[in-house]
Amino acid sequence: VATRQDKPWATIYSFVSNRIRAIKQDLTIQRCKGSKAILVLELATRFYLCSELKMVDAPVEEFDPILNKEQMLDAMYKLFELYTDDMADCSNQAEFESYNMLYNLDTETIKIRAMLMNTYFGDSAIFQHALRICKAAWQKNYVRFFKMVSKSNYLCQCAVLRHVYRIRREAIQTMNIAYGNRASRFPIKKLAQILQFKECSLAEEFSSAHGKHAAKYCDFSFY
């Protein structure tokens, strides 16, 4: 159902999310474990993450981001519980630890978990890539952050999406200090490239909304 192209994603989301909630409830009541339960929760987590991006501009009547977050985290944390079973199939654990780390990178507890999981997934490409993104965010290296995000797979980008606005805002504030002199100018085209805006006009609009003024000819003045 989730791969259908003939229906709007809002319709697909409503149908699939209702089914997932019912299935998760059954898994809990029946205390299901094993590979089938893990597969269900992995698919559910991916679905909720994907929906964060697909429904980012949807009205609240069609998509409740708070409810989606709750359902996604519930599926993910139940998944982590199943991974602790000695007989569990943990072949995809590094992938979901990466999503968890990116989604919650603004919390202190995730830093501790990231360091712990790094001892287990030091050889995992997806985990190490996600960890580098998080370190860039923690170190407020916004240039490296957005460069690494642009090289991420689709679901990693979905997981980190909720932090993009804040990090862009912090980047503008940092650049305002660095280029605070009235004579200093920064190309809006370069700003759009660094902060991963699709168009200069979007970078201009965002910067203006945060107390900065965009000049003509794609020059950006920090004053």
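Student: Leaving aside neighbours within four places in sequence, which residues is Leu195 in contact with?

Tutor: With those neighbours set aside, Leu195 is in contact with Tyr142, Phe146, Arg168, Ala171 and Ile172, where contact means heavy atoms within 4.5 Å. Keep in mind that this is a predicted model, in which local features need pLDDT of at least 70, side-chain atom pairs count only at pLDDT 80 or more, and totals for chains, interfaces and linings use all residues. Residues are numbered from 1 along each chain as its sequence is written, and side-chain values use heavy atoms, with hydrogens and water left out.

Student: And which residues touch the most other members of the largest nonpolar core?

Tutor: Phe145 and Leu195 do, in a core of 68 residues. Helix α8, residues 154–178, supplies the largest share of this core, with 10 residues. A nonpolar core here is a set of buried Ala, Val, Leu, Ile, Met, Phe, Trp, Tyr and Cys residues joined through side-chain atoms within 4.5 Å. Buried means under 20% relative accessible area, exposed over 50%, and partly exposed in between, with a 1.4 Å probe and protein chains only. Helices (H or I, at least four residues) and strands (E, at least two) are DSSP runs, numbered from the N terminus.

Student: What does the secondary structure of the whole chain come to?

Tutor: There are 10 helices and 3 strands, and along the sequence they follow the pattern α-α-α-α-α-α-α-α-β-α-α-β-β. The chain has 223 residues, of which 43% count as buried. Among contacts between residues at least 6 apart in sequence, 63% join residues at least 24 apart.

Student: Changing topic, how many salt bridges turn up in the whole structure?

Tutor: The search finds 7, a salt bridge being a side-chain nitrogen of Lys or Arg within 4 Å of a carboxyl oxygen of Asp or Glu. One of them joins Asp74 to Lys78, with the closest N and O atoms 3.3 Å apart, and these two residues are 4 apart in helix α3, so about one helical turn separates them. Asp74 is partly exposed at a relative accessible area of 29%, and Lys78 also counts as partly exposed, at 24%.

Student: Which residues are linked with Asp74 in a network of salt bridges?

Tutor: Lys24 and Lys78 are linked with Asp74 in that network. Lys24 also comes up as a contact of Gln71, together with Arg21 and Tyr48, when neighbours of Gln71 within four places in sequence are left aside. Gln71 is found in helix α3, residues 65–83, and it counts as buried because its relative accessibility is 15%.

Student: Where do Lys111 and Glu108 lie?

Tutor: Both are in helix α5, residues 108–118, and they are 3 residues apart, about one turn of the helix. Lys111 is partly exposed, with 28% relative accessible area, whereas Glu108 counts as exposed at 57%.

Student: What about the side chains of Glu170 and Lys140, how do they meet?

Tutor: They meet in a salt bridge with an N to O distance of 3.7 Å. Glu170 lies in helix α8 and Lys140 in the loop between α6 (125–138) and α7 (142–150), so this pair ties together parts that are 30 residues apart in sequence. Glu170 is partly exposed at 22%, while Lys140 counts as exposed at 58%.

Student: Which residues lie nearest the centre of the largest pocket?

Tutor: Leu53, Val56, Leu161, Val164 and Arg168 do, within a lining of 25 residues. The elements that give two or more residues to this lining are α2 (35–54), α3, α7, α8 and α10 (200–209), and α8 gives the most, with 8 residues. The pocket's volume is about 910 Å³. On a 1 Å grid over the protein atoms alone, a cavity is a set of points where a 1.4 Å probe fits but cannot get out, whereas a pocket is an open set with protein on both sides within 12 Å along at least five of seven lines, and lining residues have an atom within 4 Å of a point. Grid points are joined across faces, edges and corners, and the volume is the space filled by probe spheres set on the points.

Student: Last one: where is Arg31 found?

Tutor: Arg31 is in the loop between α1 (9–29) and α2, and its phi is near 55°, a positive value in a residue other than glycine. Arg31 counts as exposed, at 73% relative accessibility. Gln196, which is not a glycine either, has a positive phi of about 60°; Gln196 sits in the loop between α9 (188–194) and α10 and is partly exposed at 38%.
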